[in-house]
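Visitor: I have a structure to look at and some labels to question. Please show it to me.

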Amino acid sequence: MAGTLVIIGFLGQFHRVPDTISIGRPFVGLFCIAGMFAARPFWLKMAFAFVVAAAFFTAVRLLLPQQPGGDLKVYAKNLWFANTEFPALVDDIEATGADAVMLQEVSDRNIEVLSLLEKSYPYQHFCRFSSWSGIALASRHPIQGEPICSNSRAIAAVPVVIENSKVWLVSVHIPWPWPHDSLNNEIDAERVLTDLDGALVIAGDFNSMPWSGRVGRIASLTNTRLAGPVRPTFKLRHVPLPLDFVLAPGGGSQEIRPLFGSDHAGVLANIRLWVP
């Protein structure tokens, strides 16, 4: 049964139900290690070994550290719509020396965070999708072109110029794949991302595992890769899940920042914008 779930999870490229099932891939892999050693018939031992290999080569490798990119520092944070501790968050953002800030769940209650960031990050873009679900960006680099909001809650994007090259900064917050009705959100995100020219930096709350079909499609569309190591940023009924991360053309290093009143930890990535 456990092995079947792992295999079904690989079908996330085709449907959102297996994409949600893929959440448990590394946990199932750990369970199957015990089965691999305890199984008696050789064929069953090999079946467990196959499941373990599939789970760990696609999930655990993302937990390994990477070298810092050195081109751009990005701070991503799902604020939680009712957060009141955002002044401490602003202090942390400024202390890290991040070049760009990607924020999700910017609500009527915490939108003051943008004003607090304005001195250090004067170039801002805010997409309001409801009273609680806004998506925002704040940058040290001037916005050089027309900012974009997706039609439904998915992304906010701005073009900037870094070392004479156009770079799109993209803050993402796509709803949970299943059982939530998020297909239109995914389509909107992919449609906008496909039309962007230049290097892309995509950061925020993907509401999917980094090994999911959703994240794989976005990475493929935008020629980006995950910064690492990926670490849990959110607890679903006490189960730690890595939902917040950063995609960049050359990947880069990533670290987790404190909660600061949110239910999501922040992510700070030092990324590589150009691949030799």
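Visitor: What makes Thr233 count as buried or exposed?

Guide: This is a predicted model, and its values are computed from it. Thr233 has a relative accessible area of 4%. Buried means under 20%.

Visitor: Where is Thr233 found?

Guide: In the loop between strand S9 (225–226) and strand S10 (234–236). Residues that Thr233 touches include Leu241, Pro242, Asp263 and His264, leaving out those up to four places away in sequence.

Visitor: Which backbone nitrogen does the side chain of Thr233 reach, and what makes that a polar contact?

Guide: The backbone nitrogen of Leu243, at 3.3 Å. The cut-off is within 3.5 Å. The pair at 3.3 Å therefore falls inside it.

Visitor: How do you know whether Ala98 is buried or exposed?

Guide: By the cut-off of under 20% again. Ala98 has a relative accessible area of 0%, so it is buried. Ala98 is found in the loop between helix H5 (86–96) and strand S2 (100–106). Leaving aside neighbours within four places in sequence, its contacts include Lys73, Tyr121, Arg140 and Leu268.

Visitor: Which residues have the most contacts inside the largest nonpolar core?

Guide: Ile155, Val170, Leu193, Ile202 and Phe206, in a core of 28 residues. Elements that each supply at least two residues of this core include strand S6 (155–162), helix H7 (183–194) and helix H8 (213–222). Leu193 touches Ile155, Val170 and Ile202, among others. A second, separate core of 24 residues includes Val74, Met102, Val160 and Leu273.

Visitor: How do you know what span H7 should have?

Guide: Count 1.5 Å a residue, taking one less than the number of residues. For the 12 residues of H7, that gives 16 Å. The end C-alpha atoms are 16 Å apart, which agrees.

Visitor: Which residues of H7 are buried, and what puts them on the same side?

Guide: Asn185, Glu186, Asp188, Ala189, Val192 and Leu193 are buried. They cover an arc of only 160° around the axis, which puts them on the same side of H7.

Visitor: Why are S5 and S9 said to stand at the edges of the sheet?

Guide: The open sheet has 6 strands in the order S5-S6-S7-S8-S12-S9, with mixed pairing. Strand S5 (148–149) and S9 each have a single partner strand, so one side of each is left without a neighbour in the sheet.

Visitor: What makes S9 and S12 a pair?

Guide: Pairing needs at least two bridges. S9 and S12 are joined by 2 bridges, so they qualify. The two strands run antiparallel. Arg225 has Ala248 in S12 as its bridge partner.

Key:
Residues numbered from 1 in each chain as written. Predicted model: local features only at pLDDT ≥ 70, side-chain atom pairs only at ≥ 80, totals over all residues. Heavy atoms only, no water. Helix = DSSP H or I, 4+ residues; strand = E, 2+ residues; numbered from the N terminus. Buried < 20%, exposed > 50% of the residue type's maximum accessible area, 1.4 Å probe, protein only. Polar contact = N/O pair within 3.5 Å; in protein donor to acceptor, adjacent residues only side chain to side chain. Contact = heavy atoms within 4.5 Å. Core = buried A, V, L, I, M, F, W, Y, C linked by side-chain atoms within 4.5 Å. Arc of directions from axis to C-beta.
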